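Subject: Structure handover

Hello,

Here is the structure we talked about. Please open it alongside these notes.

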Amino acid sequence: MIRNTIIILGLNLLIGCSNNVPDFERTGIEINGQKFEILSTYAMFENYLNENINYKNYNQASEKLIFKPLRKEILDNAEAAFMFNSIKIPYQPTDLLREQVKMLNSGEYLEIIKHVLYSISESLPGPNTKIVLLPTSPQMQELLDKYNLPGYGVTIGSGKIIIAINQTSKKWKEFLLYGIAHEYHHSTWISRNWVSSDFSLLDYLVFEGRADAFAESFVDSFDIPATKYLTTEQETFVWDLIKPELNEKGSERILKVMYGTENIPFGSGYAIGYGILKAFKENNPTDTDLKTIDLEPKKILD
């Protein structure tokens, strides 16, 4: 009897530990008839920094204390669930991460997000949307510093956005405005036009270019990332290289153009996609974002 009680008590302790991850800090708002939920991960990362020592390594700790609850929260019915892997960058418990988590607790991001949501939802009505805010992974810092970027983001489906922001960086507020608008455009496009992930290269260039061109109009005194990656000479070289493959499909080809190879600089696809949409907007100044979002990529390129 005593032995059985000990076993049951032990099981209860294990179950308690497995459920000991704090919930997100949740803020719900309604803007222009759309419902938004903004989720902060402050308590989750505070817990992570305290509990990390109990795991074999920070990769394991990141999976169990950060990515598992995040996956459970936002991955269900996500059209582009495979994109979750792009945000799954383990968190080494460094001083930089601790400083980011401390700043996340200030809640300063909340009014910034609300401000841009009023503008972007008025310009482009979209689905009810959940936005999760993370600190950036210290493993990304070298790349972010190279391009002077305060963060990164991903849309994994209609109304499903994840933004990582480093509030210790300069212009993090401007980047947050940009990132929310950029990912919101992706989310809205998915809600209106998603068929499958079988994109052609041109489809994906225009997909990213539309989001950048849309986001640019909501951010003052901030050069969007797409403008930083290539010189004019590099852009011409890459365009000539990929032009014969524009209608070819396949994620491997797309990833090479977006993130680089020996011949293709990092970010080339973003720069070229933005260039296409910038030219389109200059040639079609009366076309609204609401009209442009549904146009066929080939028509935009033509």
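First, a term: a salt bridge here is a side-chain nitrogen of Lys or Arg within 4 Å of a carboxyl oxygen of Asp or Glu. The model is predicted, so please read what follows with that in mind. By that definition the structure holds 18 salt bridges.

**Salt bridges**

Start with Glu-37. Its partner Arg-26 is reached with the closest N and O atoms 3.2 Å apart. Glu-37 sits in strand S2 (residues 34-40) and Arg-26 in strand S1 (residues 25-31). Eleven residues separate the two, and the pair links distant parts of the chain.

Glu-37 also forms a salt bridge with the side chain of Lys-130, at 3.9 Å from N to O. Lys-130 belongs to strand S3, so this pair ties S2 to a part of the chain 93 residues away in sequence.

How exposed are these residues? Glu-37 has a relative accessibility of 24% and counts as partly exposed. Arg-26, at 37%, counts as partly exposed too.

Both bridges belong to a network of salt bridges, which links Asp-23, Arg-26, Glu-37, Glu-73 and Lys-130.

Now look at Lys-173 and Glu-108. Their side chains meet in a salt bridge of 2.8 Å, N to O. Lys-173 is in helix H7 (residues 172-193), and Glu-108 is in helix H5 (residues 108-123). They are 65 residues apart, so again distant parts of the chain are linked. Lys-173 is partly exposed at 36% relative accessibility. Glu-108 is partly exposed at 38%.

**Helix H2**

Which residues of helix H2 (residues 42-51) are buried? Met-44, Phe-45, Asn-47, Tyr-48 and Leu-49 are. An α-helix has 3.6 residues a turn, so residues three or four places apart point the same way. The cover over the buried residues of H2 includes helix H3 (58-74), helix H4 (95-104) and strand S3 (129-134).

**The largest pocket**

The largest pocket has a volume of about 970 Å³. It is lined by 42 residues, and the closest to its centre are Met-83, Tyr-204, Glu-208, Tyr-259 and Tyr-270.

Which helix gives the largest share of the lining? H7 does, with seven residues. At least two residues each come from helix H6 (141-146), strand S4 (151-157), H7, helix H8 (201-216) and helix H10 (251-259). By type, the lining residues divide into 28 nonpolar, ten polar and four charged.

Best wishes

Technical notes
Residues are numbered from 1 along each chain as its sequence is written. This is a predicted model: local features need pLDDT of at least 70, side-chain atom pairs count only at pLDDT 80 or more; totals for chains, interfaces and linings use all residues. Side-chain values use heavy atoms; hydrogens and water are left out. Buried means under 20% relative accessible area, exposed over 50%, partly exposed in between (1.4 Å probe, protein chains only). Helices (H or I, at least four residues) and strands (E, at least two) are DSSP runs, numbered from the N terminus. Contact means heavy atoms within 4.5 Å. On a 1 Å grid over the protein atoms alone, a cavity is a set of points where a 1.4 Å probe fits but cannot get out, and a pocket is an open set with protein on both sides within 12 Å along at least five of seven lines; lining residues have an atom within 4 Å of a point. Grid points are joined across faces, edges and corners, and a volume is the space filled by probe spheres set on the points. Ala, Val, Leu, Ile, Met, Phe, Trp, Tyr, Cys and Pro count as nonpolar, Asp, Glu, Lys and Arg as charged, and the others, Gly among them, as polar.
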